[in-house]
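The following account leads through the structure shown here, beginning with a helix and its surroundings and continuing to a sheet and a pocket.

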Amino acid sequence: FLLIGLFQLFRWLPYRLSSALAAGLMVFVSWFLRNYRRIAQDNLQHAYPSEGSPYHSRIITGCFKHIGLTIVELIRFGHRPQEMLKRISVEGLENLDQALAQGRGVVAITAHLGNFPLMMAYLALKGYPVKVILKPPRDEKMDSYFLHRWQNISGLRIVYSMPRLRCIQESLKTLRGNGLLFILPDQNFGDDGRVFVPFFGRPAATGTGAMVFARRSEAAVVPVFMIRQPDGAHKIVIEKPLEMQEAPTEEEALLINTRKMTSIIEQQIRQYPDQWLWFHKRWKTRPQEK
């Protein structure tokens with residue numbers, strides 16, 4: 001109820017005021033979230049070993065501000081979708097259209113970078129058949145209040161990762177129907193169906209689902225990212241389809257292409273480090289635990 005109250009407050013306050021308030025509130029709250037700050041500090045020390053603590057602290061502070069701004073945008077634009085459309089530009093839309101023109105669907109790989117939920121909602125509002133694979137919600141009430149509202153407004157549809165068989169069936173059905181399936185493979189993947197590939201110089205447990213779906217359906221794999229601009233607007237960057245590489249075995253092909261996909265994600269994060277979620281234990285699962 002406290003969160004819903006804050007949502008209503010941010011909804012009706014002037015946009016600039018609500019954004020400044022949310023960003024400042026998240027930075028203030030961050031000092032009480034010591035465990036998250038420790039995780040972020042450790043991740044940044046490994047990712048940017050040549051940079052000192054002041055640099056790492058600036059990234060962490062910027063990340064909390066980004067989260068605050070993201071919350072306000074999702075609340076406000078959820079009630080004013082036309083306002084959202086005016087604040088987003090797209091670069092490389094022809095790459096997506098050309099991939100969909102092949103008629104075999106598109107696996108859109110992205111990351112927890114920028115306001116990625118807004119990106120998916122934007123494309124759904126523009127008429128693209130968008131689905132995204134997400135973990136089942138921990139709080140069903142918040143999911144019903146917040147996430148379902150966005151689904152109803154934009155047409156965005158969710159495929160939950162569990163139960164696994166149903167997720168696989170729905171995902172392949174989406175691609176075979178020439179749909180756009182978003183997958184976020186930038187977090188630790190502790191289950192079966194993972195490979196260890198370099199990510200910021202360390203082996204990271206990464207799911208192979210995106211590559212498996214693409215190979216089974218012959219769908220194109222298109223990197224898509226949302227970047228917050230200095231003026232508060234957003235840009236969706238759609239890159240050219242990934243050139244899938246063949247190998248003597250299926251396992252080798254999955255490893256090679258997952259490594260290539262992860263490298264693309266890392267390049268984007270390195271450009272905008274304060275817009276990625278460093279508080280996640282990305283390297284929690286180690287190779288010897290496989």
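Helices (H or I, at least four residues) and strands (E, at least two) are DSSP runs, numbered from the N terminus; buried denotes under 20% relative accessible area, with a 1.4 Å probe and protein chains only. The model is predicted: local features need pLDDT of at least 70, side-chain atom pairs count only at pLDDT 80 or more, and totals for chains, interfaces and linings use all residues. Residues are numbered from 1 along each chain as its sequence is written, and side-chain values use heavy atoms, leaving out hydrogens and water.

The buried residues of α11 include Ala253, Leu254, Met261, Ile264, Ile265 and Ile269, and also Asn257, Thr258, Thr262, Glu266 and Gln268. Helix α11 (residues 250–271) has 22 residues, which at 1.5 Å a residue should span 32 Å; its end C-alpha atoms are 32 Å apart, in agreement. The expected span is 1.5 Å times one less than the number of residues.

**The sheet**

Seven strands form an open sheet in the order β1-β9-β8-β2-β5-β3-β4, with mixed pairing. Its edge strands, β1 (88–91) and β4 (157–160), each pair on one side only. Two strands pair if DSSP finds at least two bridges between them. Strand β3 (residues 130–134) runs parallel to its partner β4 over four bridges, and isoleucine 133 stands opposite valine 159 in β4.

**A pocket**

Helix α4 (residues 53–79) supplies the largest share of the lining of the second largest pocket, four residues.

Conventions
Buried means under 20% relative accessible area, exposed over 50%, partly exposed in between (1.4 Å probe, protein chains only).
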